[in-house]
Every structure is written in C-alpha cells, then in structure tokens.
Amino acid sequence: MDGTRGRPIRCKGAICRKFGEPLVIEEIEVAPPKPFEARIRILCTSLCHSDVTFWKMDGPLLQLPIILGHEAVGVVESVGEGVEGLKEEDTVVPVFLGSCEECRDCESEKSNMCSKFAFKLGVGMPRDGTSRFRDGKGETVHNFLCVSSFAEYTVVDIAHLVKIDCGIPVDKACLLSCGVSTGIGAAWKVAEVHKGSSVVIFGLGSIGLAVAEGARLRGASKIIGVDLNTEKFTVGKQFGVTHFVNPKECSQDKPVHEVIKEMTDGGADYSFECIGLASLMNDAFLSCRSGVGKTVILGVEMHGAPLSINSFELLRGKSVMGCLFGGMKPKSDIPLLAQRYLDKELNLDSFITHEVNLEDINKAFDLLQQGKSLRCIIWM
C-alpha cells in the first residue's frame, strides 16, 4: 500500500457514457483521498435495481460520464487527514446513506436521516462536490450516490463507510450495503412487524424478498407475495413467503386488494410496496386492515406519478409511511445484520443467483432486466 498512498491509482472502471447503453470498461485514474475520505479497493460489488433505473434515466439528475454502482464491499487502501476509526486493510461496506453520528437525527432512535450529510442525488463527493475520477484523456468522470463501486478503486467519505470486522464472507457483506438491509429494516424498524401478524408484499424482487425475510424473523404467521411472475412463489418460500397472488389471475369483479382482504380476514396488518408504481401503492394501502394497518412504501415511483389515496380509508385509522434504507442506521445496524448471518439466523445466501467478473458487468444488467437474477455479484 505504501507505493500508492498519496498518489493517483490507475485501474479499470465500468463507465456509463450514454444512458441505456452498455457500460464501457476503461482505464481510469483515481485520486488519493482528501480529508475525511478513504480510498477503497473494491473486492466485489453487486447490481441493485436502482443502478438500472438511473442507468436508463436520461435526465438532469445525473451527469455523464459516470461510474455507477453503490452496493459493494472493499478494503481500505489509504485514508485522508482527519480519519479516525479506519486504517489500511480494514474491510468496509460503503453506503449511499451518510451518517455523521453526531447530529440530532443521528443521535435519535427514530430517524436514520443524517441532517449533516442529507441524502441527495448529487454527482460529487459530499463535502466539496468534486470528483475523484478521471478517464484516460484526463476528463472528469462523475460520482454516483457517494460510492461509485463499478471500479477497482473508489474514494468514499467516511460518513458513508461502515467497518465490518466479524468475518462475514465478502459477497454476503456486499448485500448489506443497500437492498437487503432496506427490506429487512422496513419490516423490523419501520413497520415493526409483530409475531403472528399478516403481511402482504407487492413485488418479489430482492427488496420484497428481504421484506419477507425480515417478516419471517419477526414471527409473522402469514406472508403473502404479490407478483406477476408465478415462479417468484417458489423463490419466495426460501424467505418465508407462505401465500402467493398473481394479479393477472384475479377477476375484474374481485381486484387484488379484495383477494388480500379475504385471505387475511379483513386486511393485512402490514402492507409493503416494493416496485415503484402509484397504482400498486394504492392497492397496498387498500389491502391493509382498518384501524391498525400500516402501508410502507419502498419503491420510488418510476414515472413520477403522485400517490393518490382515499381520505375516507385514511380516516379509518390506516397509516402510510415511506422509508429510505429501511430506517436502518448503517454504522450500527449493518454489523448487527452481519452477525445474525454468522449466527445462521439471516438468509443471505439465497439472494445471490449469479456471479460475473467486471469485464462481464453488462451481463449482470441483462440478467436483472430479464428477471433472471436477484443479485449478481461482480468480482473485481
């Protein structure tokens, strides 16, 4: 490490140069870390659906060229001035959600939204807004979600790094940096699913399955998966799904929320929307029980449509809530999840369905878009 400390590193990175087109493997230059930053050697990363969403999103939120990726695990190569608690060779999980551990919200048990490092879709480092990447021509390559893990090396602010020292396999640790933690946290910390309760999950992708896993661990007695792909029921059983509904098989006289109400004797105690469609958010809300039902929104509405719900239904005592990263506090909760995996309580293995090398990263995009993959591990 001494040979690279304080100097730029040349390595490979997968660059998005045009929205929706295959990523290009190029040689990039990664600058040394500035104060309160660490340069990370990525061991492996995985493809989250959010990466695909923004890869397709031709709009003002992101600037090209950009290095995507935000679900990863790596090893600290070097640290900048002022960094405490991290040293070279430490294993870390980068997280898109920052945490200063000192502000009012970080100290609160009710919030995981740091007020100092507020979540935003900026393209630069959180403290100065600049990039640490250059391409072979010396031109700026932008940062994504404060992580940019589709490269052999990246630079991450310490507010976005979680140290992992419990010995969990790195590919399993990788899963905890976004989707799996989000789903489990939604069941545990946001909804607070209780033993013997009924749960309905709209969308059995990785996040929906993680919600099921969280609900299973909390002792839910009935976990209903709703998906257009009937094969997802077989997959879902590994994570605790007990019943399945395919909306295409529901009659026009009995919409999906009526089917759910019949299955749960009046409505599910907890309802989760994990896809990102306003119509399904409304279905999820209508599927939960009057008086006590909680609806948790995890998916960003993919078309920008507003959520419209019946106020009379709301007055019946139902509630609707959203969550980012499942309400989890990354620096304290991710190590706890890692330990629960080592204690053989948490099922992470079943999320990994494919593995590729960095050179084949576009295959991971194809697999996810074709519905053939939950999580594809991309090895560096």
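Modeller: Two strands pair if DSSP finds at least two bridges between them. Helices (H or I, at least four residues) and strands (E, at least two) are DSSP runs, numbered from the N terminus. The model is predicted: local features need pLDDT of at least 70, side-chain atom pairs count only at pLDDT 80 or more, and totals for chains, interfaces and linings use all residues. Residues are numbered from 1 along each chain as its sequence is written, and side-chain values use heavy atoms, without hydrogens or water.

Biologist: How many bridges join strand 13 to strand 14?

Modeller: Strand 13 covers residues 270–273 and strand 14 covers residues 294–297. The two run parallel. Phe272 has Val296 of strand 14 as its bridge partner. The number of bridges joining strand 13 to strand 14 is four.

Biologist: What is the strand order of the open sheet of six strands?

Modeller: The pairing in this sheet is parallel, and the order is 12-11-10-13-14-15. Strand 12 (243–245) and strand 15 each pair on one side only, which makes them the edge strands. From one strand to the next the twist averages 20°. Read across the sheet, the order is 12-11-10-13-14-15.

Biologist: At what angle does helix 4 run to strand 14?

Modeller: Helix 4 (residues 179–190) lies across strand 13, strand 14 and strand 15. Axes are lines fitted to C-alpha atoms, for helices over the stretch in contact (heavy atoms within 4.5 Å), and angles run from 0 to 180 degrees between N-to-C directions. Between helix 4 and strand 14 the angle is about 145°.

Biologist: Which residue is the bridge partner of Arg10 in strand 2?

Modeller: Strand 1 and strand 2 (residues 24–30) run antiparallel and are joined by seven bridges. The partner of Arg10 in strand 2 is Glu29.

Biologist: How many aromatic pairs does a search of the whole structure find, and which parts does the pair of Phe54 and Phe144 tie together?

Modeller: Rings of Phe, Tyr and Trp (its six-membered ring) pair if their centres lie within 6.5 Å, with planes under 30 degrees apart counted as stacked, over 60 as edge-to-face and the rest as tilted. The search finds seven pairs. Phe54 and Phe144 are edge-to-face, at 5.6 Å centre to centre and 65° between the planes. Their pair ties together parts 90 residues apart in sequence, because Phe54 lies in helix 1 (residues 49–56) and Phe144 in the loop between strand 7 (140–141) and strand 8 (153–157).

Biologist: Is Phe144 buried or exposed?

Modeller: Buried means under 20% relative accessible area, exposed over 50%, and partly exposed in between (1.4 Å probe, protein chains only). Phe54 is at 12%, so it counts as buried. Phe144 is at 1%, so it also counts as buried.

Biologist: How many residues apart in sequence are the parts tied together by Phe96 and Phe325?

Modeller: This aromatic pair is edge-to-face, 5.8 Å centre to centre with 85° between the planes. Phe96 lies in the loop between strand 5 (91–94) and helix 2 (104–107), and Phe325 in the loop between strand 15 (319–322) and helix 10 (330–342), so the distance in sequence between the parts is 229 residues.

Biologist: The charged end of which residue sits over the ring of Phe233?

Modeller: A charge sits over a ring if NZ of Lys or CZ of Arg is within 6 Å of the ring centre and within 35 degrees of the ring normal. Lys318 lies over the face of Phe285, at 5.0 Å from the ring centre. Over Phe233, at 4.7 Å from the ring centre, sits the charged end of Lys237.

Biologist: Which residue is joined to Pro65 by a cis peptide bond?

Modeller: Most peptide bonds are trans. Pro65 is placed in the loop between helix 1 and strand 4 (71–79). With omega at about -5°, the cis bond joins Pro65 to Leu64.

Biologist: Is Lys344 buried or exposed?

Modeller: Phi of Lys344 is near 65°, a positive value in a residue other than glycine. Lys344 lies in the loop between helix 10 and strand 16 (352–357). At 76% relative accessibility, Lys344 counts as exposed.
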